[in-house]
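Have the viewer open while you read.

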Amino acid sequence: MTAKVETHDLKFWYGKVQALKGITLRVGTGEQLTIMGPTGSGKTTFLRCLNRLNDLVPGTTREGQVLIDGQDAYRAGADPDALRRRVGMVFALPIPLPMSIFDNVAYGPRLHGVRGRHLAETVERSLRSAALWDEVKDRLGDSAFSLSGGQQQRLSIARVLAVEPEIILMDEPCSGLDPISTLRVEETVEQLRGRYTIIFVTHNPQQAARLGGRVAFFYLGELVECAPAAQMFTRPRDRRTEDYISGRFG
Amino acid sequence: MKGTWRRDVILLSRRRDRIMVGVLTGSAVLAVGVLVIIVGYVLWQGLPVLTPTFLLEAPEKMGRAGGIFPTIVGTVVLTAGAVLVAAPLGVATAIYLAEYAHQGRTVALIRFGTESLAGIPSIIFGVFGFLFFVIYLDMGWSILSGALTLAGMILPTIIRTAEEAMLAVPREYREVSYSLGGSRWQTITRVVLPNALPGILTGIMLGVGRSVGETAAVIFTAGASLRVPHSLFDPVRTMSVHFYLLAREGISMRNAYGTAAVLVLSVLAVNFVAYYLMHRHLARLRGAGR
Amino acid sequence: MKGWEWLIRRVLVVMAFSSLSLLALIALFIFAGGVPILAEVGVEQFLLGTRWAPTRGHYGILPMIAGSLWVTGGALVLGVPIALACAIYLSEIASEPVGRLIKPALELLAGIPSVVYGFLGLVILVPLIRVLLGGPGFSVLAASCVLAVMILPTVTSVSYDALRAVPATYREGSLALGATRWQTIRMSVLPAARSGILAGIILGMGRAIGETMAVIMVAGNATLIPVSPLDPVRTLTSNIALELGYAAGKHREALFATGVVLFLIIMGLNLVAEAVAGRGRSR
C-alpha cells in the first residue's frame, strides 16, 4: 500500500505548551484510519497540521514533516489553499454557514470557479454521497440552520465532498449528536470508505471498534500504539491503551 | 450587647443600600429626562414651522424669511461625499486589522493613528481642512474641501465599528471556508463581509449622524453660501451651519427652531436605522451560533 | 491567484495607514501654521500672556487656557457623578428591558448635534442663570452645564463597558458574604473597573476641551480670566472659531498657534487615556 499521508516526528506547540510530541504515522491510499484518545491528547491538533489549518492560529510552532503523496506539505512555496482543497475536513460540531442548504454545498465548488449546471450536478452528487439528498431535495433554498444536528453534520460532509478532496479528516464528527444521528453519520463514513483516504478522530473506544480498520491511540501528545482494531481491542500492547479501552480513564 | 450593635449596622447598611439604589436610579431618570426635554422642546418649538415651503424654498434675507432648501442640499451632498471617501478607507483598515494582522508594530501604529484621530476636536479638523484643502490645495471653500475634512473626522468611527462587526463573525465560519480551499480574500468577501455588513452599515450611519450635526469642521471648509451648488467646487451651507448662524446672530429664532427640528429629526432617524441594523445583526449572529 | 492575494494585502496595508497619515498631516499643517508666530512672540509670552488683542500685537492666550480649564473642570464636576451613577445603574441595577430602553436613549443623546445643545443652553440655561444667580448669564456655569450633558453619554458608555467586564464572581463572592448591593458595588465592583472608568472620564475630558460651537453660544467669550463661575469665559476652541473667519496675517497665525496648543493638550490626554486603558487590560 502506498502512503497517502505520512508524518515524521511531528511536533507542535501552542505558545510554550507542547501538544504533539513527535508523531510518526502512515496512512495508505484509500485507507480509513481511526485516531482514538482522550481530550487533550493532540488528536485535533494532529488533524489540523495535515491541512495546515493551524497556520491560522497565531503563536504556534511546528517541527517535523507532513508528507501528502510523498510531498512535503510545508515545503517553501507550497500553497496551503491548494492543499486544503485536496484535504477536506469535517469539524466536531456541525458548522453550517449562514446561507441556504444549496449554497452551503456549493460554497467550495464556487470558490474554485464551478458555475451553472455543473454546479447543480456537483451539489446533488455530494448530497447523495452524504446520504442527505432525499431529505433535503425539496428545500434546497431553506436556511441550513433549519436542519437537525445530524442532518447539519451530513451537510458538512456533503460540503467537503463537493470540492472532491482526496483525503477527508473527520474531527469527532459525532460528538454533538444523539445515538441515531451518530449511526447515520457512521453509515455515511462506511459508504465513503475506499473512495477516499479517511482519518477519523474519536474519543470513544466503542466507536473506534465499530468503525474497524486501523486504530491509532494518542495520549498526551504521543502516539502510544497503532494496530488493526481487532488486535488493539483484544490484545493491546501498552498498559495505557488497555486502561483507556477498558474505561479506566478518559 | 454585641448582638444588638451588629443588628444596627445591618439595618444601617440596608437603609444606605436603599438610598444609594434610589440615587443611582434617579440619575438614570435624570439623564433620560434631559434627552426628553431637549428633543421635546426642539420639536415643540420647531414642528409648527415645518411646512413644505419651509423645506423646499430658498431662504430670503439671509434666512430671516423663506425656507432652508439649499442647506438641505448642502448637508446631503457633504455627508454623501464624506461617506464615499471614508467608508472604503475605513472598511479596508478594519479588514486589515481584523483579518490580516493581529499584532506587531504595524498594527500598533495603525491603532495609534485611529485612536488619536478619534480624539481630535472638530475645530482642529476645521483648521486643518482650511489650511490644507482650502488654502494649500487651493480647493477654496467648497463641497470637496468640506467633504474631505468630514471624511477624516468620521473615519475612526467607521474603522472601529467595522472591525468590531468583523470580529463578531464566528471564527468557525472562516475555518470552514479555509478548510474548503478558500483563500484569505475569498473567505473575507464570501463569509466575513456578508455577515459583518449590518455592523459595518451601523458604523457608516453613525458617521452620517456626525456629519449631519457637525458645524465647526464644516464652516471653515465648505463655507456658508446660501446658493444651491452646481459643482464640487462650489461652497455650500449645511443645516447645522445655517442653524448656528441664525441662532447666534439672532437672525430669526422661528427659522432657527424649524431648522433645529429638521436636524433633530434626521439624527433621530439615522440613529434609529443604526440601532435597528445593529440589533438585527446581533440577533442573527446569536441565532447562528446557537 | 497568489499574486492577486499579495496585491490585495499591499493595497489594504496602504489604505489602513490612512488614519495615521491624516494624523501626521494634521500635525504638520497646524504646526507649520502656528510655529512662526510662536517663535516670534515666544512660547512663554504666548502661553502666559494675559492680554489677547491680536490686531494690536498682543498674543497672550492665558485667559483662554484658564477658560478651557474652568469649563472642562466644571463639566467634569457636574457630569461625571451623574454619568457614573447612570453606568452603575445600567450595569448593576437595571432590569434587562429597562436597560434596553435607556442605552439607546443615551446613544441618542450622543448623536444630537452640538449646535442644538448650545442653542438650548442659550435659550433656556442662560436666562435661567441670569435671573436666578445674577450676572450676564453667559458664563462658566452655563458652558459647564451644557458640556456636562454632552459628555454624559461618552463617560457613561465607557464606564458601563468597564463595569460589565468585571467578572460575575466578584459580585457573587461579595453578596455571598452578606454584603448589600451598594456595598458590593463600592467595595468590589468599582475598584475592579477603576481603570476603565478613569479612561472614560479622560475621554469625556477630551470631548469637553474640544467642544466648540456649543460653548461659544453660552460662554460669553470675553477674553478675561474668570474668577467666578458666573463670569463670562472664552475657551481655546472658541478663540479659533470666533476669529478664524476674518483674521489675517499674524492674527491668523496666532489662531493656528492656539490650535497647536489645543492639539498638544488633546494628544497628551490621548496618551494618558491609552496608558490607563492599557494598564487596565494587562491586569
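This is a predicted model: local features need pLDDT of at least 70, side-chain atom pairs count only at pLDDT 80 or more; totals for chains, interfaces and linings use all residues.

1. On each side, 75 residues take part: 75 of chain B are in contact with 75 of chain C. The area buried between these two chains is about 6,700 Å², and carbon and sulfur atoms account for 82% of that. If you want names on the chain B side, look at B:Leu24, B:Leu35 and B:Phe128, which together supply 9% of the area chain B buries against chain C, more than any other three residues.

2. What does the polar side of that interface look like? The count of salt bridges between chain B and chain C is zero. On the side of chain B that touches chain C, helix 1 (residues 2-46) gives the most, with 19 residues. By residue type, this side of chain B divides into 53 nonpolar, 16 polar and six charged.

3. Chain C itself has 13 helices and two strands. Its C-alpha atoms fill a box of roughly 70 × 70 × 30 Å along the principal axes. Of the 283 residues of chain C, 54% count as buried. Taking contacts in chain C between residues at least 6 apart in sequence, 71% join residues at least 24 apart. The accessible surface of chain C is about 12,000 Å², with 68% of it belonging to carbon and sulfur atoms.

4. Back in chain B, have a look at helix 10 (residues 239-248). How many of its ten residues are buried? Nine of them are, so by the under-20% cut-off the helix is mostly covered. The buried set is B:Met239, B:Ser240, B:Val241, B:His242, B:Phe243, B:Tyr244, B:Leu245, B:Leu246 and B:Ala247. Just after helix 10 of chain B comes B:Gly250, with a positive phi of about 60 degrees.

5. On to charges: over all chains, the search finds 31 salt bridges. One of the pairs is A:Arg84 with A:Asp81, whose closest N and O atoms are 3.4 Å apart. Both residues lie in helix 2 (residues 80-86) of chain A, three residues apart, about one turn of the helix. Are they buried or exposed? A:Arg84 is buried at a relative accessible area of 3%, and A:Asp81 is buried at 12%.

6. A:Arg240 and A:Asp238 meet in a salt bridge at 3.2 Å, N to O. A:Arg240 is partly exposed, with a relative accessible area of 31%, and A:Asp238 is partly exposed at 22%. In chain B, the side chains of B:Arg171 and B:Glu175 meet at 2.9 Å, N to O, in a salt bridge. These two sit four residues apart in helix 7 (residues 171-179) of chain B, about one turn of the helix, and B:Glu175 is buried at a relative accessible area of 8%. There is also a network of salt bridges that links A:Lys4, A:Asp69, A:Arg86 and A:Glu166.

7. Leaving aside neighbours within four places in sequence, A:Asn51 is in contact with A:Leu83, A:Arg84, A:Val87, A:Met89, A:Leu169 and B:Ser179.

8. Last, some backbone angles. Most residues other than glycine have a negative phi. A:Asp9, not a glycine, has a positive phi of about 50 degrees. It lies in strand 1 (residues 3-14) of chain A and is partly exposed at 39% relative accessibility. A:Glu172, also not a glycine, has a positive phi of about 45 degrees. A:Glu172 is in the loop between strand 7 (167-171) and helix 7 (179-192) of chain A, and counts as buried at 15% relative accessibility.

Methods
Residues are numbered from 1 along each chain as its sequence is written. Chains are lettered from A and ligands numbered from 1 in the order in which they are written. Side-chain values use heavy atoms; hydrogens and water are left out. Contact means heavy atoms within 4.5 Å. Buried area is the accessible area (1.4 Å probe) that two parts lose on being put together, summed over both. A salt bridge is a side-chain nitrogen of Lys or Arg within 4 Å of a carboxyl oxygen of Asp or Glu. Ala, Val, Leu, Ile, Met, Phe, Trp, Tyr, Cys and Pro count as nonpolar, Asp, Glu, Lys and Arg as charged, and the others, Gly among them, as polar. Buried means under 20% relative accessible area, exposed over 50%, partly exposed in between (1.4 Å probe, protein chains only). Accessible areas come from the Shrake-Rupley method with a 1.4 Å probe; for residues, only the protein chains shown count as cover.
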